[in-house]
Amino acid sequence: MAISNLSITDDKWRAIVENDKSYDGVFWYAVKTTGIFCRPSCKSRPPKRENIRLFKTAEQALAEQFRPCKRCKPTGQRLPDHEWIVWVTEYVNSHYMENLTLHILAEMSHGSPYHLHRTFKRIMHKTPMEYIQKTRLEQAKKQLIGSDKSVAEVGKSVGLSNTPYFITLFKKNMGCTPLQYRQLQSKQAQNGGIQYGKSKNE
Ligand SMILES: [Zn+2]
């Protein structure tokens with residue numbers, strides 16, 4: 001793997017923190033934890049210094065699989081909406097167990113909440129929050145079948161730590177409570193009729 005040969009000097013770090021436009025074109029910075037890269041002047045929240053990688057060109061960042069920021073458009077082109085939304089869905093898929101809100105997603109993906117909500121809905125035919133819920137319920141179903149965890153533990157591990165809310169949400173979507181779902185599935189398993197991995201996400 002090619003290693004970018006720019007080190008993070010105090011100078012460059014200051015440029016990032018202060019959104020210093022005079023450094024645009026001098027270097028680009030990528031954030032390892034989000035996989036997104038920006039111009040120094042980007043108004044997005046400053047990342048942790050240890051999570052940053054610097055590049056001399058936007059092409060180098062792209063070549064290392066970083067995605068251009070939606071807000072500062074570091075390649076000079078707009079990030080296509082589709083790619084933006086793909087990034088957001090991937091982020092939800094790997095962070096559904098954490099506290100996720102529209103604002104958090106917007107901040108992580110460097111867009112405005114309003115724009116994210118609209119664009120997501122247009123492309124995915126559901127809102128970001130609906131997508132988060134669906135992902136959590138799919139994961140909960142897997143755990144109800146594949147583990148001995150209590151209902152509260154299952155809820156907690158998929159980001160729904162309010163147990164009554166988890167049960168209500170589950171019932172609303174599945175037509176039965178988590179416990180009923182588990183019992184039903186295990187009965188079907190005993191009858192040899194179970195199909196593991198029915199859900200679409202597998
Ligand atoms: Zn940016």
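Start with the buried residues of H3, which are Trp 84, Ile 85, Trp 87, Val 88 and Val 92. Buried here means 20 or more other C-beta atoms within 10 Å of the residue's own, exposed means 12 or fewer, and partly exposed is in between, with C-beta atoms placed from the backbone. Looking down the axis of H3, those buried residues fall within an arc of 155 degrees, so they line one face of the helix. The arc is taken over the directions from the helix axis to the C-beta atoms. As a reminder, an α-helix has 3.6 residues a turn, so residues three or four places apart point the same way.

Before I go further: this is a predicted model, where local features need pLDDT of at least 70 and side-chain atom pairs count only at pLDDT 80 or more, while totals for chains, interfaces and linings use all residues. Residues are numbered from 1 along each chain as its sequence is written. Helices (H or I, at least four residues) and strands (E, at least two) are DSSP runs, numbered from the N terminus.

What do the buried residues of H3 pack against? They pack against S4, helix H4 (102-108), helix H5 (113-124) and helix H6 (128-146), where contact means C-beta atoms, placed from the backbone, within 7 Å. On the face turned away from the buried side, H3 carries the exposed residues His 82, Glu 90 and Ser 94. The helix covers residues 81-95, and its 15 residues reach 21 Å from first C-alpha to last, close to the 21 Å expected; the expected span is 1.5 Å times one less than the number of residues.

Now the sheet. Four strands form an open sheet in the order S3-S1-S2-S4, with mixed pairing; two strands pair if DSSP finds at least two bridges between them. Strand S3 (52-55) and strand S4 (67-68) are the edge strands, each pairing on one side only. S1 (residues 28-31) and S2 (residues 36-38) run antiparallel and are joined by three bridges. Within that pair, Val 31 stands opposite Ile 36.

Last, two loop residues. Asn 19, in the loop between helix H1 (10-17) and S1, is not a glycine but has a positive phi of about 50 degrees. Asn 19 counts as partly exposed, with 17 C-beta neighbours inside 10 Å. Gln 65, also not a glycine, has a positive phi of about 70 degrees and sits in the loop between helix H2 (58-63) and S4. Is Gln 65 buried or exposed? Exposed, with 8 other C-beta atoms within 10 Å.

Technical notes. Two residues are in contact if their C-beta atoms, placed from the backbone, lie within 7 Å.
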